[in-house]
Amino acid sequence: MLFFYTDTLDMSAAAAGLIVMAASIWDGVAGLLIGIAADRRGARAFVRLYAVPLALAFVLLYMPLPIQGAGLIAFGLIANMLFRTFYVAVNVPYAALTIDIAPDSISRSRIAGLRMIFGGVAALLVATGTKASVDWASQTRYTDWGYAAVAAVLAIVATILLFAVGGMRMSPPVIRARRPDVGAGDIMLAIIGNRAFLAINLGICGAAAAMGVITRAVPYYFKYQVGDVAAGSTALAGMAIAGVVAVPMWMAWAARFGHRAQWQASAAIAVAALTLLLSVRPTHALAAQMLCALFYVGGQGLFFGFWALLPDVVQHGAPDGSPRMDVFLFGIAALLQKVAQGIAVAVFGTLLTASGYVARTVQPEGVLDRLVMLTALLPLVGMIVAWLAMLGFPRLRATPR
């Protein structure tokens, strides 16, 4: 999206980054409200209710309207916030369904692994299909409509799948007593009293910030440092493939050595890849693609570990006496990730503009130096935070509250 705004709609990188940050923060705030409501009404009902509005808002994001300046920025902000509202209304309850459909840690780990594999396949389709659609559209008079076209196709497929998920029946059915109203003190106890929840969310915030920056930096790096735009799309596709291939490895690693050891190994691989990217600064497409893929192997391992652990952390990590707020805590986790990623992308966009970057021109050597620093050093800081956070992850109790 950042690349679409800057190199298709001619928006400044700083403005585009600030839009992403504002929408990400709103995403998290909306997630808290959705979490409270979905805990009372039921997660599956929200998945069904907001699937179609989500699809429409997604297509709206990539509409190349003939507006410029402040009007374009205002439209981008409104479209992003509208999309994020419906996205979180579907995604947070969807993620919280893991607790209901998986009875134990082993099952939840497998489900998390399958989610990562299918997500990686989806990322591969997006990375390859988006460029193909844009290239096709460039051969017609509808030059700027490639992004909107692929968004429409993906929205239709996603809506069908979400209705299937929202309409499924639990077997055996999950029966819960009506939850009493909770106050601010109950909420704080459920969050701050859960050391495992704090540790795992600090770690994933670092990882989300790193992943958010590098996936947006890759198109710039390959266009200006490597000099091959197509190789950037290939790099994104290769990252998706590497993530899919790596997930079964991380599943086996976690089963053999535990999730904390798997997390640390994932972070170490990501840190090594970023260190090499920063020090070597490859200008050959294949070398840069291999480092990006290696980074994604480590990054996807962190997200697998997070989604495998989060249901257990929510169910087993809170102190005695705190109320069950499953969807709400998933909403908190979404909030923290979105804020971290939004701030990181805003920092990237602002620093990219401050570096002297001008879209669709040959970048001076000094600008290229700063582009490489932004591409590798910002994510490196995030991954180091992810590695350090998990050092304080406590042992979880064996039974739910």
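This is a predicted model: local features need pLDDT of at least 70, side-chain atom pairs count only at pLDDT 80 or more; totals for chains, interfaces and linings use all residues.

Biologist: Let's start with G28. Why is G28 called buried?

Modeller: G28 has 0% relative accessibility, and buried means under 20%, so G28 counts as buried.

Biologist: And where does G28 lie, and which residues is G28 in contact with?

Modeller: G28 lies in helix 2, residues 13-41. Setting aside neighbours within four places in sequence, G28 is in contact with G331, L335 and K338. G28 and K338 are 310 residues apart in sequence, yet their C-alpha atoms are 6.0 Å apart in space.

Biologist: What about Q300: why is Q300 called buried?

Modeller: Q300 comes out at 8% relative accessibility. The cut-off for buried is under 20%, so Q300 counts as buried. Q300 is found in helix 12, residues 285-316, and touches M116, M211 and G243, if you don't count residues up to four places away in sequence.

Biologist: Now V347. What makes V347 partly exposed?

Modeller: V347, in helix 13, has a relative accessible area of 34%.

Biologist: Which residues make the nonpolar surface patch?

Modeller: I25, W26, V29, I343, V347 and L351 make it, with an area of about 420 Å². Helix 2 and helix 13 (326-354) each supply at least two residues of the patch.

Note on methods. Residues are numbered from 1 along each chain as its sequence is written. Side-chain values use heavy atoms; hydrogens and water are left out. Helices (H or I, at least four residues) and strands (E, at least two) are DSSP runs, numbered from the N terminus. Buried means under 20% relative accessible area, exposed over 50%, partly exposed in between (1.4 Å probe, protein chains only). Contact means heavy atoms within 4.5 Å. Patches are made of residues with over 30% relative accessible area and no salt bridge: like charges are joined within 9 Å, nonpolar side chains (Val, Leu, Ile, Met, Phe, Trp, Tyr) within 5 Å. Accessible areas come from the Shrake-Rupley method with a 1.4 Å probe; for residues, only the protein chains shown count as cover. A salt bridge is a side-chain nitrogen of Lys or Arg within 4 Å of a carboxyl oxygen of Asp or Glu.
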